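Have a look at the structure first, and then I'll talk you through some of it.

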Amino acid sequence: MKTPFRLGAVFLAGLGLMASCQKHLTVSKSEYKQYGIDQQVGADSAIIRYYQPYKDKMQAEMNRVVGQTEVALTKPSNPETLMGNFFADAMLKEGLKKDPTIQFTLATKGGLRTTFPKGNITVSHVFELMPFENEMVVLKLSGPNVQQVIDFIAKKDGEPVAGIRMKIRDNKAYDVTIGGEPFDINKTYNLLTYDYLADGGDELECLRNPLERREINQKVREALFENISDLTRQGKKITAQLDGRIVSDQ
């Protein structure tokens with residue numbers, strides 16, 4: 001049985017011209033007809049010829065190899081993952097080029113939309129990892145505000161981070177260091193993240209009211225491309241290690 005795919009409807013209106021000095025038009029009759037579009041409708045070869053060169057060009061660009069991985073960068077449901085560490089480290093490295101005051105970075109597991117296979121990494125892989133137009137931002141946070149971030153990471157049993165290390169037990173963080181120094185609730189800290197999280201996304205309401213917010217005019221995806229391009233130019237492969245930045249006893 002054919003099931004039409006409804007793309008829209010066409011209204012056919014007959015307009016009767018009413019004789020008057022104002023030449024007033026009024027609808028005298030209206031009809032409604034619905035057209036079904038399914039697989040039996042043939043492709044329009046003229047349209048295909050029009051868009052095919054653009055499609056081919058886009059596919060060629062998306063398939064372009066930008067780097068190589070030593071191992072597959074996965075993201076199992078662990079406190080620390082290879083993909084999470086790569087992502088957070090790349091953000092930190094590229095962010096520091098724009099703002100050397102940055103001390104640590106935060107992303108979320110849910111924000112990393114895919115993994116990297118072992119071997120060639122293409123433009124498409126990077127777009128799949130970060131398909132959103134998220135901009136990187138630097139937040140100056142008070143000590144108590146940073147404590148809220150730490151509590152969030154502990155509650156989630158780890159999130160992708162760089163520049164911060166901690167241990168987690170019973171959903172509580174301890175032995176927390178930032179930039180290699182013990183966390184001090186009386187100090188302020190500069191966090192690099194992206195606008196979606198800074199605006200309170202993924203349950204991070206604690207980031208909505210920082211002491212200061214600075215845009216660095218770089219998308220997360222652009223930072224990833226720059227990081228990978230730098231490695232490729234140096235003849236290096238994309239890599240990541242589980243280095244114990246988050247250890248959970250849970």
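Quick housekeeping. This is a predicted model, so bear in mind that local features need pLDDT of at least 70 and side-chain atom pairs count only at pLDDT 80 or more, while totals for chains, interfaces and linings use all residues. Residues are numbered from 1 along each chain as its sequence is written, and side-chain values use heavy atoms, with hydrogens and water left out.

Let's begin with what the record says. The UniProt annotation, from an unreviewed entry, reads "domain: 5'-Nucleotidase C-terminal" and covers residues 65–207. UniProt positions are in the numbering used here, feature names are shortened, and annotations may be inferred rather than shown by experiment. In the model, that span is 29% helix and 29% strand, and its end C-alpha atoms lie 36 Å apart.

Now the sheets. Two strands pair if DSSP finds at least two bridges between them.

Which strands does S8 pair with in the antiparallel sense, and over how many bridges? It's S9 (residues 172–178), over five bridges. Isoleucine 164, for instance, has isoleucine 178 in S9 as its bridge partner. With S13, S8 (residues 164–169) runs parallel, joined by three bridges. There, lysine 167 stands opposite valine 247, and isoleucine 168 stands opposite serine 248.

Buried means under 20% relative accessible area, exposed means over 50%, and partly exposed is in between, using a 1.4 Å probe and protein chains only.

S8 and S9 form a hairpin with two residues between them. Let's stop at that turn. Most residues other than glycine have a negative phi, and most peptide bonds are trans. Aspartate 170 in the turn has a positive phi of about 55 degrees. Asparagine 171, in the loop between S8 and S9, has a positive phi too, near 65 degrees. Is asparagine 171 partly exposed or buried? It counts as partly exposed, because its relative accessibility is 43%.

Aspartate 202 is another one, with a positive phi near 55 degrees. You'll find aspartate 202 in the loop between helix H5 (195–198) and S12, and it is partly exposed at 29% relative accessible area.

On to the other sheet. This one is open as well, with five strands in the order S7-S4-S11-S6-S12 and mixed pairing. The edges are S7 (161–162) and S12 (212–219), each pairing on one side only. S6 (residues 135–141) and S12 pair in the antiparallel sense over five bridges, and leucine 139 has arginine 213 in S12 as its bridge partner.

Next, helix H4, residues 143–155. The expected span of a helix is 1.5 Å times one less than its number of residues. For the 13 residues of H4 that should be 18 Å, and the end C-alpha atoms are 18 Å apart, which agrees. Buried residues in H4 include Val146, Val149, Ile150 and Ile153. An α-helix has 3.6 residues a turn, so residues three or four places apart point the same way. After H4 comes aspartate 157, whose phi is positive, near 55 degrees.Last, the spaces. On a 1 Å grid over the protein atoms alone, a cavity is a set of points where a 1.4 Å probe fits but cannot get out, a pocket is an open set with protein on both sides within 12 Å along at least five of seven lines, and lining residues have an atom within 4 Å of a point. The largest pocket is lined by 13 residues, with Phe86, Asp89, Leu231, Thr239 and Ala240 nearest its centre. H2 supplies the largest share of that lining, five residues. The largest cavity has 15 lining residues, and those nearest its centre include Pro79 and Glu159.

Key
Helices (H or I, at least four residues) and strands (E, at least two) are DSSP runs, numbered from the N terminus.
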